[in-house]
Amino acid sequence: MKTSRLAIAAALILSACGQPQPTKAQEGVFAEQPRVAPRDAGALKTSFAPVVREAAPAVVNISARGIQRVRDPFFELFGGGPQSRVTGSIGSGVIVRPDGIVVTNNHVIQNMQEIRVTLNDRREYPAKVLLADERSDIAVLQLENLDGDLPVLRIDDQEQQQVGDLVLAIGNPFGVGQTVTNGIISALNRTETGISDSGSFIQTDAPINPGNSGGALVDMDGDLIGINTAIFSRTGSSSGVGFAVPAAMVKRVVDSAVGGAKTVERAWLGVKGDTVSADIARSLGLERPQGLMVTDVYAGGPGARAGIQQGDVITAIDGAEVNDQGGLNFRVGTKSPNASVAVTVLRDGRSQTLTARVSTLPGDADPGQGTVVGQGALAGLQGVALNPALADRLGGDPFTSGVVVTGLQRNSVPARIGLRPNDLVVQMDGRAVTTVAALGRAQRGSELTIVRNGRRLTGRLP
């Protein structure tokens, strides 16, 4: 009798697990084989069942509904106003605390009013948002009306993973129900993904598809090492390049939410720089391109107080390699404000470690509507002076200075020449603008430079 491929595979698996191979009498198609947990690391590669049994119960399905106000030009022709439209979202989440704390992606629940969470055992609970952090794309939910014990997945934020490690992606792709896929970690510390300017992602080839967002990336210890967030794809389906938010950032957001915070207070080092290219590495006498060359140090900031200087090359934060601004922002961003961090720098060909006490960004992130310019050619413009905290909240560079336009009086000169709210006035007559009062000195013919949607525009006042 010809032996089937299935029988051969079963024999190999059982042999790897240290079990006797089936006899001829056991080779029936419906013969039930004993199932035991693998006894060593080599045997574990033959079956992920023990890991799945531990991890899968804590991975949940999230369904969310919201009401969106939309405008219909055709309807408005007949006197109608904005219409309401019900929107929905389906994703995944992970229970990380026994009191019902669930982690998911912010984009799964953003602008949603009703959230329901379904466990693997089919229990359902309503949930409320404790904290939604758009920048990391992590949201923390609290399950309500709990009626029993909950499975929990432990957050492993030790960052001991290596490229090539086996991982499982657990979630609810396409809304078909909980699904487990496997793969390896194909890269670490991915920063230039376009997902976030402060993200450093785990890259995996474990298939991740729509609906997996917010699901778990699990290691072979059954611990949560990341939250599946995005894929690189030309079709919308998995192409073997998926990205997960590392557990260190997940834990930072969870700790903030559990502590009662409504926003994540990010730590700041107060330095910025450029990635060391091959040409820069040669000019510095480095063996290879590595690190971030410091181009600016914020006066009085944590980096300045620690002794970091322009021209230094930052190579690591607390021993974790840094090679670009996104990586630096991520490493510092996982720390709590006022924490001490070890900054490894290359200076004059020598490596040294400086200790910096990181802090929150200086300034008011929500200064209100600001001040109205009462005189000069820009009278009627309302604005606020940019500070690092406000610039960061608006998604800009904390080192940038200028005045953000927050309002314009009707028929004023600023309104007539086309200035808009959220424009950033950076220069007037070739001089940097740092205060609203400086705009009161504008005259007819003054040259004004603004930044709008990333574009720099210059013109003269009439």
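Buried here means under 20% relative accessible area, exposed means over 50%, and partly exposed is in between (1.4 Å probe, protein chains only). Keep that handy for the tour.

This is a predicted model, where local features need pLDDT of at least 70 and side-chain atom pairs count only at pLDDT 80 or more, while totals for chains, interfaces and linings use all residues. Residues are numbered from 1 along each chain as its sequence is written, and side-chain values use heavy atoms, with hydrogens and water left out.

**Stop 1: colour by confidence.** pLDDT is the predictor's confidence in each residue, from 0 to 100. The protein chain has a mean of 84, and 82% of its residues reach 70 or more. Select residues 1–32: pLDDT is below 50 there, and the stretch has 21 contacts (heavy atoms within 4.5 Å) beyond near neighbours in sequence. Residues 74–78 are also below 50, with six such contacts. Where pLDDT is low, the predicted coordinates should not be read in detail.

**Stop 2: helix 9.** Select residues 325–333. Helices (H or I, at least four residues) and strands (E, at least two) are DSSP runs, numbered from the N terminus. Seven of the nine residues in helix 9 are buried, among them Leu328, Phe330 and Arg331.

**Stop 3: an aromatic cluster.** Show Trp268, Tyr298 and Phe399, which ring pairs link into a cluster. Rings of Phe, Tyr and Trp (its six-membered ring) pair if their centres lie within 6.5 Å; planes under 30 degrees apart count as stacked, over 60 as edge-to-face and the rest as tilted. The count by this rule is four aromatic pairs. Tyr298 and Phe399 sit edge-to-face, 5.9 Å centre to centre with 80° between the planes. They are 101 residues apart: Tyr298 is in the loop between strand 14 (292–297) and helix 8 (302–306), and Phe399 is in the loop between helix 10 (388–393) and strand 21 (403–408). Phe399 is buried at 18% relative accessible area, whereas Tyr298 is partly exposed at 26%.

**Stop 4: out to a loop.** Pick Arg441, between helix 12 (436–439) and strand 24 (447–452). Buried or exposed, by relative accessible area? Arg441 is exposed, at 58%.
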